[in-house]
Amino acid sequence: MWKTAKIRSFVTSWVILIALCLPNMAVAQGDEPLRLVYMNVSGAEGEESFRTVDGLFAESQQIDLFDGERLLAFAAEYGIEREAFRSSQRAQYVDEFAALMWEKGIEGVMVHDVDSQTDTLYIGVIGPWGWELAQVEASLSQGALDRDGALAALGQIFDPLVPDVRGFRRDVEEGRITHADFQLPELVAEEEEEEEKEEELSLRDQAMEEHRSRYGNLERNVALRVGPAFGHRSMRMNDEAGFDIRHRAPLMGFALRADALLTTFDRDTAALEVGGFLGFSSVSTVHENTELDGQFFRTSFEARYISAQSAVLRIRGIGGIETTNLSLEENSRYTGHGYFAARLGGGVEYAFGELMTLQVDALAMPLLGASNSGDAYGEVSGWLGAGLDLVTHLNIADPILIGLDYGFRYFNVEYPDAGQVDGVAGEASSYDMIHQMMITLGYRYGF
């Protein structure tokens, strides 16, 4: 009994491997996914088993699956009814099938047909030349097909179909097959104007539209935004013996942000994006009863991996670097901080209909370097840094961009050698909190 179970498990594993790998082989040959239709010609009695197999097709990234009902509707315009796709009649429509598939850019049709009397599923496989390549049988249980049975059927489907598609693609590429080799039958009804409108999009285009409506529209683009920036900086540096420096100041200036979505992959459900930020603010503050002027700079660069989970939700992975620097006029105690940190984290992007998009990123910002008052208090020790970025886009004038950005930064460092400075008893530490807001106007250019 144990040996039988082990053998069945081994066989099932190889069936799954065949079902998943054969499409990859086809893609390697033609440099694009298989373009297939899976249709149900047995009505309601075959619906449950059809959904099981159709779901496995839909899971594959190496298959462009087109709507079988759309192909049937197109065939009906030329007098080819659903029954023509059944096993008993396929041989009579070889040329018609080939012409229909060529017209719609389809390379294979799988026909799902159930015999309810014997509880048997038959899947006919029609290749790009229009003839039947094979018919696969599978036993059902009260009309249902389990996942293992569906995977086994897929393995038998791809075995004849993949080499047939390879040969067809090769003949097309080498010019041995052209549009002249395929002649559509005459239209049954002469409703040309309406039919031309319906046929403007191929099944592939329709599938892409459905795909984009499901996952959103990830497309290559460059976006540039600029606007006024304002915020607040709050820092405290002290030791346990009473040494204490505090600096608070408003920040007023401008900021510039550039983003570029460089490429998409996984059938446009994922993308690689890069972005940069430059912000400047003037600083005017009273410190230790002395009025001081200064400057605040923040720059960053990062790469982002974007994964579209749906038309409204995207997940982001982030890696990059950032510098933050505040400098004040020369004085006896404090002339500013500088931080050089990594940007590591992730976030989400959520679309509220077509009106607004909210983007939230949480960042770990380990310090790669830091300084204080030109290292007057000794070398800086510590690594703790964190950040939060919120971006809101108003999608009311695309490609014109209108947005509101908010950024928060927190740094906590220590100064082991600060005791060498007069007035400092020993080791000191500081924390720094920076809030910044930016109102932006920009433009997005697709390429």
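**Note on the predicted model**

1. Proline 399 sits in the loop between strand E14 (381-394) and strand E15 (400-415). This is a predicted model, so read each point below as a property of that model. The peptide bond leading from aspartate 398 into proline 399 is cis, and its omega is near 15°. Most peptide bonds are trans.

2. Glutamine 142 has a phi near 55°, which is positive although the residue is not glycine. Aspartate 375 likewise is not glycine and has a positive phi, near 60°. Most residues other than glycine have a negative phi.

3. Where do glutamine 142 and aspartate 375 lie? Glutamine 142 is in the loop between strand E5 (132-139) and H5. Aspartate 375 is in the loop between strand E13 (367-372) and E14. Glutamine 142 counts as exposed, because its relative accessibility is 76% and the cut-off is over 50%. Aspartate 375 has a relative accessible area of 41%, so it is partly exposed.

4. Helix H2 covers residues 47-59, which is 13 residues. At 1.5 Å a residue, H2 should span 18 Å. The C-alpha atoms at its ends are 18 Å apart, so expectation and model agree.

5. Which residues of H2 are buried? They are Ser49, Phe50, Val53, Leu56 and Phe57. Viewed down the helix axis, these buried residues fall within an arc of 130°, and therefore line one face of H2. Arg51 and Ala58 are exposed, on the face turned away from the buried side.

6. Leucine 161 belongs to helix H5. Its relative accessibility is 0%, so it counts as buried. Leaving aside residues up to four places away in sequence, leucine 161 touches Leu36, Glu107, Gly108, Met110, Val125, Ile126, Gly127 and Leu133. Alanine 134 is 27 residues from leucine 161 along the chain, yet their C-alpha atoms are separated by 8.6 Å.

7. A search of the whole structure gives two cavities of 30 Å³ or more. The largest cavity holds about 90 Å³ of space. Its lining has 15 residues, and the closest to its centre are Arg257, Arg298, Asp405, Tyr406 and Gly407.

8. Which elements give two or more residues to the lining of the largest cavity? They are strand E7 (244-265), E14, E15 and strand E16 (428-446). E15 supplies the largest share, four residues. By class, the lining of this cavity has eight nonpolar, two polar and five charged residues.

9. The largest pocket has a volume of about 1,200 Å³. It is lined by 44 residues, and Asn217, Arg314, Glu349, Thr357 and Arg444 are the closest to its centre. The lining of the largest pocket divides into 15 nonpolar, 10 polar and 19 charged residues.

How values were computed. Residues are numbered from 1 along each chain as its sequence is written. This is a predicted model: local features need pLDDT of at least 70, side-chain atom pairs count only at pLDDT 80 or more; totals for chains, interfaces and linings use all residues. Side-chain values use heavy atoms; hydrogens and water are left out. The expected span of a helix is 1.5 Å times one less than its number of residues. Buried means under 20% relative accessible area, exposed over 50%, partly exposed in between (1.4 Å probe, protein chains only). The arc is that of the directions from the helix axis to the C-beta atoms. On a 1 Å grid over the protein atoms alone, a cavity is a set of points where a 1.4 Å probe fits but cannot get out, and a pocket is an open set with protein on both sides within 12 Å along at least five of seven lines; lining residues have an atom within 4 Å of a point. Grid points are joined across faces, edges and corners, and a volume is the space filled by probe spheres set on the points. Ala, Val, Leu, Ile, Met, Phe, Trp, Tyr, Cys and Pro count as nonpolar, Asp, Glu, Lys and Arg as charged, and the others, Gly among them, as polar. Contact means heavy atoms within 4.5 Å.
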